[in-house]
Amino acid sequence: MKYFSPKLLNIHLKNKIFISFLMLYLCLATYITTSCRRPSILPSIQEGIAQKVLRFHVIADSDDPKDQEIKLLVKNTLLEYLKPYLSDVSDKQQAMIKLSNLLTDLETVSNQVLASHGYNYTAHVSLGKTMFPIKVYGDLALPAGTYDALCIRLGRAEGKNWWCIMFPSLCFLDDSFTVVPEESKTELECLLTEEEYESILLSTPKVTYQFKLLEWFRNLLQN
C-alpha cells in the first residue's frame, strides 16, 4: 500500500477540486454567454410590438448587384419623398392612413426611378400585414412575426430585401449604421412597454458571474 504524505494528499485534493471547478466554470460561462445574447420572446410580446410599429420593406428584383443598387436608390428616394408626409404623425394608425392615400404616388415615384435608370421592370406598392423573420437593426432586434408594413416589390421581388422601422421613424439614409441613435431608441422606448422594449435590446453578454466564480475557487485553492 502506497503512503502519501499529508502535503502530497493536499496537493492531489486541490488538483481534483481545481479540475472539477474548472469544468463547472466552463459550463456556467457557456450558459451565461448563450442566455445573455438574446432572451426568448413570448408571442404576446411580439404581438404587442407589432401593434405599435410600422415597418418599411423593399425587395429587389434579384441579387444581381445592379438590382441591389437600384433597390437602395428606390428606398432612398421614397424615404425623402415621405418625409413631409410623416413628419407630424403621432401614432401608427395615423401613419397608415396617410400612407394608404399615397400608394399610387409611391408606385409612380418608384417606377420613375426604375425607368430613368434603364430598368425594364416595375414596382408594386402595398400596405398590409407581412411575415418577417427576426431582424437586427443596429443594436436592436425585432422578433419574428407578422407586422404591418409598407412593401415595395421591385420586378420579380426575388432578391435580398432592405427594411427599417417606419413608425416610429428609425429609417436612415445612411446604411452604414451599427448602433441606433439614442434619440431614436428613446422614441421607441416611450412607445413600447418596458418589457417589450427590453426584449428587443441586444445586450452584451454578462461575464460578472463568471469572474466571481473563478475568483471564488481560486481563493479556495490558495487556502
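Author: Helices (H or I, at least four residues) and strands (E, at least two) are DSSP runs, numbered from the N terminus. The model is predicted, so local features need pLDDT of at least 70 and side-chain atom pairs count only at pLDDT 80 or more, while totals for chains, interfaces and linings use all residues. Residues are numbered from 1 along each chain as its sequence is written, and side-chain values use heavy atoms, with hydrogens and water left out.

Reader: How many helices and strands does the protein chain have?

Author: Along the sequence, the pattern of the protein chain reads α-α-β-α-α-α-β-β-β-β-β-α-α-α. The totals are eight helices and six strands.

Reader: What percentage of the residues of the protein chain count as buried?

Author: Buried means under 20% relative accessible area, exposed over 50%, and partly exposed in between (1.4 Å probe, protein chains only). The protein chain has 223 residues, and the part that counts as buried is 39%.

Reader: What is the reach of helix 3 from its first C-alpha to its last?

Author: The expected span of a helix is 1.5 Å times one less than its number of residues. Helix 3 has 22 residues, for which 32 Å is expected. The reach in the model is close to that value, at 31 Å.

Reader: Which elements are included in what covers the buried residues of helix 3?

Author: The buried residues of helix 3 include I70, V74, L78 and L82. An α-helix has 3.6 residues a turn, so residues three or four places apart point the same way. Contact means heavy atoms within 4.5 Å. The cover over the buried residues of helix 3 includes strand 1 (54-59), helix 4 (92-100), helix 5, strand 5 (145-154) and strand 6 (161-167).

Reader: Is K75 buried or exposed, and with which side chain does the side chain of K75 make a polar contact?

Author: K75 is placed in helix 3. Its relative accessible area is 0%, so K75 is buried. A polar contact is a pair of N or O atoms within 3.5 Å; within protein, one must be able to donate a hydrogen and the other to accept it, and residues adjacent in sequence count only if both atoms are side-chain atoms. At 2.7 Å, the partner of the K75 side chain is the side chain of N76.

Reader: Which residues have the most contacts inside the largest nonpolar core?

Author: A nonpolar core is a set of buried Ala, Val, Leu, Ile, Met, Phe, Trp, Tyr and Cys residues joined through side-chain atoms within 4.5 Å. The largest one has 49 residues. Leaving aside neighbours within four places in sequence, F56 is in contact with residues including K75, L150, I152 and M166. Those with the most contacts inside the core are F56, L150, I152 and M166.

Reader: Why is the pair of Y81 and Y85 tilted?

Author: Rings of Phe, Tyr and Trp (its six-membered ring) pair if their centres lie within 6.5 Å; planes under 30 degrees apart count as stacked, over 60 as edge-to-face and the rest as tilted. By this rule there are four aromatic pairs. The ring centres of Y81 and Y85 are 5.6 Å apart, and their planes stand at 40°, so the pair is tilted.

Reader: Over the ring of which residue does the charged end of R55 sit at 4.3 Å from the centre?

Author: A charge sits over a ring if NZ of Lys or CZ of Arg is within 6 Å of the ring centre and within 35 degrees of the ring normal. R55 also lies over the face of F132, 3.8 Å from the ring centre. At 4.3 Å, the ring is that of W163.
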